[in-house]
Amino acid sequence: MKKMKITVAEKKESGKDFVKVAFDPKIPESRFVIGKDSEETLVIKSPEDKDINRRKFILLARQIAQEAKKHKVKKIAIEWNDINFKSVSNKAGEVAEIVAVNFEMANYDFIRYKTKPKEGWNFVEEILIVADKKDQKAIENGIKKGQIIGREVNACRDLANTPGGDMTPQVLVNEIKQAIIGTPIKMKVLEVVDMKKLGMGGILGVSRGSIEKPKFIILEYLMSRKEKPIILIGKGITFDTGGLNVKPENYMSDMHLDMTGGAAVAHSIIGAAKLGVNKKIVGLIPAVENMPSGQSYRPGDILKTISGKTIEVANTDAEGRIILADAHGYAERYDPRLVTNIATLTGAAGVALGERAAALFSKEKKLADKIFDLAEESGDPVWPMPLWEEYKNDIKGIFGDVSNLRSNGNPRYGDAIHAAMFLAEFAEKFPEWAHLDIGPRDTVNPDELLAKGASGVGVRLLVKVLERL
Ligand code: BES
Ligand code: MN
Ligand code: ZN
């Protein structure tokens, strides 16, 4: 797939073969019109509302790219004044950033396993933004930033969309190694022997059923010397069968997406590096396949984590929280100032919220509020959920310290909260901690004007977190 080029220029002359995009709120469907001077114009339905909000603007940007693809137009020209909605932001750079992020996201499709059609793919190759000289610099900067972010979102989607058989922990390692080339990010990988020495019994336990060896991926981007690091932790279950508590029929088919959190961590740090964020950032990604076999960990097993706390395995399908417990324990070595976890942790988060928001958990109200605002700004919405002390009583182990499921009642009630509370037990040493359960958002909704499959959830939000927190 060729990289899409976005340029800013004063007049359309700089590209005669561009199709001009025009907007009309009254047309029901986009049209392709040839004017008197045989100039081609693609007319797109625009919002009637001049005070369009950010969410609707995101869809408008995607719609432009989708309509161009539908009409097989490869090069389009857009008047900046047509899309510079002041109601979205009065900063041209910010509007341009949103436009570029969403052009990139809408221009993506997962084609790796498809035969190229005879007439080729329909991707947009070039976009020309026609703007006054005085706005050009701000627009260009916003576009540049937006393209970096949008491309990292798509790279995350590529990793997540790859079928489980082709995205093993080792492949995830290889892919991330490739992706960090040209950035100052350093990568280390802990192997089984290292994890045994460290006592990472959670990761080792979950991985036992698979012939694929687990990997613990560490990404270090250590720019600023003064500050303590921000740590991002991402669930990297490359396929989740449920293990011996095997998933029923159609609950398994999307479980190649269960490494979305890990992919989002890698690509948001790569994004931050490409944007030149001047901070210390560490990414931790336990990469494991959850399989049933004669070697699998069993319900009832008790696993000892790196921090010494033991986990009673009530259900082998609640595996994410177990591998993340070890990752949280490992994070303590960095003496972080802030830790954010991101994981397709529970189906219950989707039961609570539907597929429109990720669940946000944090005991620090100020941090939660900041992440909430950044989420809305980034286009990766979140909604807060409780982490009250009372929930701790629900996950007490009988023979181990903590249970990986609610142990005093129906474990399906509030599992997103119990999973978060379980992780909180391993996050007590961090000055600030937040957890994002992206289970509800792993795939796109049909009305989001994006290709079917992985959404790349989290990358846009985490880039903002790394920039601003
Ligand atoms: N990876 C799943 C959670 C999930 C489900 C994410 C659907 C996205 C979409 C997790 O490992 C899991 O299997 N959770 C179980 C927990 C249960 C055993 C209490 C679930 O949600 O069914
Ligand atoms: Mn599971
Ligand atoms: Zn899982």
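These notebook entries record what I looked up in the structure, which is a predicted model.

**Entry 1: the manganese ion**

I began with the donors of the manganese ion (ligand 2). They are Asp240 (OD), Asp317 (O), Asp317 (OD) and Glu319 (OE), at 2.1 to 2.2 Å. Along the chain, the donors follow the spacing D-x76-D-x1-E. Asp240 belongs to strand 10 (residues 236-240), while Glu319 sits in the loop between strand 13 (310-312) and helix 9 (320-331), so the pair ties together parts that are 79 residues apart in sequence.

I noted the geometry next. The angles among the six donor atoms run from 72 to 170°, and the site of the manganese ion (ligand 2) is irregular. For reference, ideal angles are 90 or 180 degrees for six octahedral donors.

**Entry 2: ligand 1**

I listed the surroundings of ligand 1. There are 17 residues around ligand 1, of which Lys247, Asp258, Asp317, Glu319 and Gly347 come nearest. Polar distances were looked up one by one. From Lys235, a polar side-chain atom lies 3.2 Å from an oxygen atom of ligand 1. An N or O atom in the side chain of Asp240 is 2.9 Å from an oxygen atom of ligand 1. How much of ligand 1 does the protein bury? Taken alone, ligand 1 exposes 520 Å², and the protein buries 86% of that.

**Entry 3: Asn341**

I located Asn341 in strand 14 (residues 338-343). Asn341 is buried, with a relative accessible area of 0%. The side chain of Asn341 makes a polar contact of 2.9 Å with the side chain of His435. Leaving aside neighbours within four places in sequence, Asn341 is in contact with several residues, among them Ile233, Leu324, His328 and Trp433.

**Entry 4: Thr183**

I found Thr183 in the loop between helix 5 (169-179) and strand 7 (186-190). Its relative accessibility is 15%, so Thr183 counts as buried. A polar atom of the Thr183 side chain lies 2.7 Å from the backbone oxygen of Ile180. Not counting residues up to four places away in sequence, Thr183 touches Ile270, Ala273 and Lys274. I also looked up Gly271, 88 residues from Thr183 along the chain; the C-alpha atoms of the two are separated by 9.6 Å.

**Entry 5: helix 14**

I checked the cover of helix 14 (residues 459-468). Eight of its 10 residues are buried, so helix 14 is largely enclosed by the rest of the structure. The buried residues include Arg460 and Lys464.

**Entry 6: positive phi values**

I looked up two residues that have a positive phi although neither is a glycine: Lys72, at about 55°, and Asp335, at about 50°. Lys72 is placed in the loop between helix 1 (54-70) and strand 5 (75-79), and is partly exposed, with a relative accessible area of 49%. Asp335 is found in the loop between helix 9 and strand 14. Asp335 is partly exposed, with a relative accessible area of 43%.

Note on methods:
Residues numbered from 1 in each chain as written. Chains lettered and ligands numbered in written order. Predicted model: local features only at pLDDT ≥ 70, side-chain atom pairs only at ≥ 80, totals over all residues. Heavy atoms only, no water. Helix = DSSP H or I, 4+ residues; strand = E, 2+ residues; numbered from the N terminus. Buried < 20%, exposed > 50% of the residue type's maximum accessible area, 1.4 Å probe, protein only. Polar contact = N/O pair within 3.5 Å; in protein donor to acceptor, adjacent residues only side chain to side chain. Contact = heavy atoms within 4.5 Å. Donors = N, O, S within 2.8 Å, 3.2 Å for Na, K, Ca; no water. Tetrahedral: all angles 85-135°; square planar, octahedral: opposite > 155°, others 65-115°. Near = heavy atom within 4 Å. Areas by Shrake-Rupley, 256 points an atom, 1.4 Å probe, with all protein chains shown as cover.
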